[in-house]
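Please open the structure in your viewer and keep the selection tool at hand.

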Amino acid sequence: MAITYPTTLDAFTNPVASDLLTSPDHATQHANINDAVEALEAKVAIGNTVLGTYTSYTPTYPSGLTVGNATVTSYYCRVNNFVHYWGRVLWGSTTSINTSGLQVSLPINADSNFITGPNNSMGTAGYRNNGTSNNFFLLCRAANGTANAMNIVAQLASGTYVTESTITTTVPFTQTTGDSFFWNVYYEAA
């Protein structure tokens with residue numbers, strides 16, 4: 001019997017004490033169990049983490065942000081090709097942003113099919129103005145053609161429909177010490 005996992009569940013023959021080593025065939029029995037264990041290992045994942053364990057990650061900011069003395073917290077979890085990634089940047093006195101838009105690195109490269117089109121949504125983000133306690137809802141999207149980073153954009157509600165707007169020194173507000181932004185995304189790994 002060849003194994004059928006992960007397409008279907010296998011039905012192994014459990015030998016009993018009175019069975020001969022030829023019924024079921026002993027070598028085939030071992031080979032099938034070995035193949036099944038290898039299929040399970042491939043399906044569950046590899047690495048030094050337990051399935052569903054989050055790993056600390058220090059992101060980079062290819063565009064927009066100078067971290068300075070900000071407090072950065074971020075973690076990711078990979079299960080097969082599914083990645084959940086979240087993070088938070090608490091603004092410090094030497095943290096700054098420029099007008100080129102905000103881009104954050106991904107801990108694991110995204111699948112090429114996912115990043116091919118512009119504006120593929122990856123999840124949500126937020127900005128908190130600590131001085132006014134206002135929260136701003138942001139979007140995370142794939143950076144077109146870039147497997148190792150995502151864009152975080154503001155939403156502009158000045159017209160009939162909500163559009164996106166580049167995060168800058170004053171959008172969605174002028175950032176100062178104690179303000180923060182965070183992200184929560186899901187994507188397919190390369």
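Which residue in β4 is the bridge partner of Val72? Select Val89, for this residue is the bridge partner of Val72. The model is predicted: local features need pLDDT of at least 70, side-chain atom pairs count only at pLDDT 80 or more, and totals for chains, interfaces and linings use all residues. Residues are numbered from 1 along each chain as its sequence is written, and side-chain values use heavy atoms, with hydrogens and water left out.

Next, select residues 71-79 (strand β3) and residues 82-90 (strand β4), which pair in the antiparallel sense over nine bridges. Strands are DSSP runs (E, at least two residues), numbered from the N terminus, and two strands pair if DSSP finds at least two bridges between them. Two residues lie between the strands of this hairpin, where Asn80 takes a positive phi near 55°.

Turn to the aromatic rings. Rings of Phe, Tyr and Trp (its six-membered ring) pair if their centres lie within 6.5 Å; planes under 30 degrees apart count as stacked, over 60 as edge-to-face and the rest as tilted. The count by this rule is 11 aromatic pairs. Select Trp91 and Tyr127: their ring centres are 6.2 Å apart and their planes at 50°, so the pair is tilted. Trp91 lies in the loop between β4 and β5 (96-97), and Tyr127 in strand β7 (residues 121-129), 36 residues apart.

Terms used: Helices (H or I, at least four residues) and strands (E, at least two) are DSSP runs, numbered from the N terminus.
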